Amino acid sequence: MTDYGHELRFGTFLPAEAATAAETLRLARLTEELGLDLASVQDHPYQARFLDAWTLLSVVAAQTSTLTVFPNVANLPLRPPAVLARAAASLDILTGGRVELGLGAGAFWDAIAGMGGEVLTPGASIEALEEAVHVIRALWSTERSARVDGTHYRLRGAHPGPPAAHPIGIWIGGVKPRMLRLVGRLADGWLPSAPYLPPPQLAEANRRIDDAATAAGRSPRDVRRLYNVAPGQAPLAGHPKTWAAQLADLALGEGMSTFVLMVQAGGDRDLRTFAEEVVPETRSLVAAARGATGTTAPAAGPQTVSAPSAGSASETDGVSRGITVWDESQRPTGPTSDVPLTAAQRASGQHLVDVHDHLRQELEQLRDLVEQVAAGGTDVGRARSMINTMTMRQNAWTLGTYCESYCRVVTTHHTIEDVNLFPRLRAADPRLAPVVDRLEAEHHVIADVLEQVDAALVAMVSRSDGIAEVRKAVDLLGDTLLSHLAYEERELVDPLGRLGIF
């Protein structure tokens, strides 16, 4: 689980078509009115139907007062870095420090050649990008003169300046291994797009960046992780209610801290949903999870897994496995009603059941995989890799190591309940308080059980008999989680429908 602790920021990726220029400016103003932090535009100078990126960013900045603006990303082959450095610093001065610099190595080389730009090989384009970063930073420095001796770009005693109003970040867009290593060595930020690098691929890309940063003597935290996201595609797939949980997962598990919504002309509905519903809940979920780090289960709740005393032997259906973590007979019961739910009311509770059903399905996949290993059908190292790549969401959008994925999904689901659902249930019907308190306490126990599963999987790699411990941990997870899900459904499906909360 990787959370670099960066402050969350949210913004928009605005359309750049000249034919809808007024609409772009309106969306920029709406971005600010809705309380978002940034606005960006793509930079394709060879595209005849697009407005020039820097001109458009200047007007957007002039028509707003709080938005940070940046190219997403600047086309380096057609924008000499020395001039780009002064352009960015100048706009930063004029806006009072509201400019960042997204930078790319270039693409669409035939179109670049048509504009008089030099066509470079992939390797040469990355070399040029690295030299450009040195040129830009040299011209932003406080030195009396700047010198860079590169193959593609050079400075020979140029005078730095004007000084920017604030330290401008260089956010590099790129997803190939060599680009990722460059990001780790030099960049202030990494700016991929979900349509080109979907969420399941973030973990490996982040690992490359972190390794390169460490090798260069930097902290991985020195690199802010940004993400261009599109409505209807992961991580904004499914119902908007799930978007916040998906973004929170990426913030807590992959360190992505800035989310930039791709907006089309007339895209007010998506923009408002994102700003008014998704952003506040994402901030709340991440704040709650960060604030809860290191917390333990309440003393009055179920027994903790690390010290299962009275619940440690054959009390429930866990008798076949010898371990349970709580006495189900001690669970409180909420109020009941004899009035049948309407179809609309049943739908609220069904959403909870659907989420739980997916968790149950993934648990069965895990059990099947454990049995494959035990039967010799899959070697130990491959089993770990397979678990790393299991899907832990209905939309199959977030992967990673088992603990980082399954534990995070379950924990995020519980955090949503703890932060948003349970307080509303308590307020709507105080008679539900004992049930809600019990469910919250059980969340802590389940988190401990999930950690035991991951620890057993790690130990299995170095122990020939480790599969027995994995079996035991997974059996405990099954008993614990399935019991909890059934209890929650028994007590909450009816109230959720009657109170119209979920």
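1. Val59 is partly exposed, its relative accessible area being 34%, where buried stands for under 20% relative accessible area, exposed for over 50%, and partly exposed for what lies in between (1.4 Å probe, protein chains only). Val59 belongs to helix H2, and although Val59 and Leu25 are 34 residues apart in sequence, their C-alpha atoms are 8.0 Å apart in space.

2. This is a predicted model, in which local features need pLDDT of at least 70 and side-chain atom pairs count only at pLDDT 80 or more, while totals for chains, interfaces and linings use all residues. Residues are numbered from 1 along each chain as its sequence is written, and side-chain values use heavy atoms, with hydrogens and water left out.

3. Helix H1 (residues 21–33) has 13 residues that should span 18 Å at 1.5 Å a residue, and its end C-alpha atoms are 19 Å apart, which agrees; the expected span is 1.5 Å times one less than the number of residues. Helices (H or I, at least four residues) and strands (E, at least two) are DSSP runs, numbered from the N terminus.

4. The buried residues of H1 are Glu23, Thr24, Leu25, Leu27, Ala28, Leu30, Thr31 and Glu32. Their cover includes strand S1 (9–14), strand S2 (38–41), helix H2 (53–62) and helix H9 (268–291), with contact taken as heavy atoms within 4.5 Å. After H1 comes Gly35, with a positive phi near 90°.

5. Helix H5 (residues 122–139) has 18 residues and reaches 26 Å from its first C-alpha to its last, close to the 26 Å expected. Its buried residues include Ala124, Ile126, Leu129, Glu131, Val133 and Ile136.

6. The largest nonpolar core has 90 residues, and those with the most contacts inside it are Leu101, Leu103, Trp140, Ile172, Trp190, Phe259 and Phe274; such a core is a set of buried Ala, Val, Leu, Ile, Met, Phe, Trp, Tyr and Cys residues joined through side-chain atoms within 4.5 Å. H5 supplies the largest share of this core, 10 residues. Another core, of 19 residues, lies apart from it, and Leu363, Ala456, Ala473 and Leu476 are among its members.

7. The axes of helix H6 (residues 177–186) and helix H7 (residues 202–215), as lines fitted to C-alpha atoms over the stretch in contact, come within 7 Å and cross at roughly 45°. That makes H6 oblique to H7, given that angles under 35 degrees count as roughly parallel, over 145 as roughly antiparallel, 65 to 115 as roughly perpendicular and the rest as oblique. Residues of H6 including Leu180 and Val183 meet a set in H7 that includes Ile209 and Ala212.

Definitions and conventions: Axes are lines fitted to C-alpha atoms, for helices over the stretch in contact, and angles run from 0 to 180 degrees between N-to-C directions.
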